[in-house]
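Q: I have a structure open and want to go through it step by step. Can you help me read it?

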Amino acid sequence: MTDKGYMGKRLKAARKSKGFTGERLAESCYINATYLRQIEAGRKLPSLPVFITLCKALEVSPTFLLVDSIDKNELSGLGELAALWSTATPDQLELVTAMIRSVLEHLRKE
């Protein structure tokens, strides 16, 4: 299976687990349903803005959709972060998210 195929398969699974039809998800993401079917079938890759919109609409992380497409060595740091994240309290998660957001905004300004 191609990298596009892995992502499309996970996208379709996430859509179905949320109870969305392809048409409903496409409409909520302002894309054509045919385009969504092509992404899910692994024939097309979404643009970055569409990818982000899909993640938000399905309430999944980009990592969830890409996990089968990324080399395991690239995920080693993410696994550690995921383990820490899963044990944090809601207040801690909010604080860490705000800190990361602040650092990224600062770095973008440089």
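Q: What is the mean pLDDT of the chain?
A: The mean is 84, and 85% of the residues reach 70 or more. pLDDT is the predictor's confidence in each residue, from 0 to 100.

Q: Where is confidence lowest, and where highest?
A: Lowest in helix α6 (residues 72–87), with a mean of 66, and highest in helix α2 (residues 22–28), at 97. Helices here are DSSP runs of H or I with at least four residues, strands are runs of E with at least two, and both are numbered from the N terminus. Where pLDDT is low, the predicted coordinates should not be read in detail.

Q: OK, helix α3. Which residues are buried there?
A: α3 covers residues 33–40, and Ala33, Leu36, Ile39 and Glu40 are buried in it. Buried means under 20% relative accessible area, exposed over 50%, and partly exposed in between (1.4 Å probe, protein chains only).

Q: How do the buried residues sit, seen down the axis of α3?
A: They fall within an arc of 115°, so they line one face of the helix. The arc is taken from the directions from the helix axis to the C-beta atoms.

Q: What caps the N-terminal end of α3?
A: Asn32 does, with a side-chain oxygen 2.6 Å from the backbone nitrogen of Thr34. After α3 comes Gly42, which has a positive phi near 80°.

Q: Back to Glu40. What does its side chain contact?
A: The side chain of Glu40 makes a polar contact with the side chain of Arg15, at 2.7 Å. A polar contact is a pair of N or O atoms within 3.5 Å; within protein, one must be able to donate a hydrogen and the other to accept it, and residues adjacent in sequence count only if both atoms are side-chain atoms. Glu40 has 11% relative accessibility, so it counts as buried.

Q: Which value is given for phi of Tyr30?
A: Phi of Tyr30 is near 60°, which is positive, and Tyr30 is not glycine. Most residues other than glycine have a negative phi. Tyr30 lies in the loop between α2 and α3 and is exposed, at 77% relative accessibility.

Q: And what about phi of Glu59?
A: Also positive, near 55°. Glu59 is in the loop between α4 (48–58) and α5 (62–66), and is exposed at 63%.

Q: Last one: is Ser28 buried, exposed or partly exposed, and what lies by its side chain?
A: Ser28 is partly exposed, at 37% relative accessibility. A polar atom of the Ser28 side chain lies 2.9 Å from the backbone oxygen of Leu25. The C-alpha atoms of Ser28 and Leu54 are 8.8 Å apart, although 26 residues separate the two along the chain.

Notes:
Residues are numbered from 1 along each chain as its sequence is written. Side-chain values use heavy atoms; hydrogens and water are left out.
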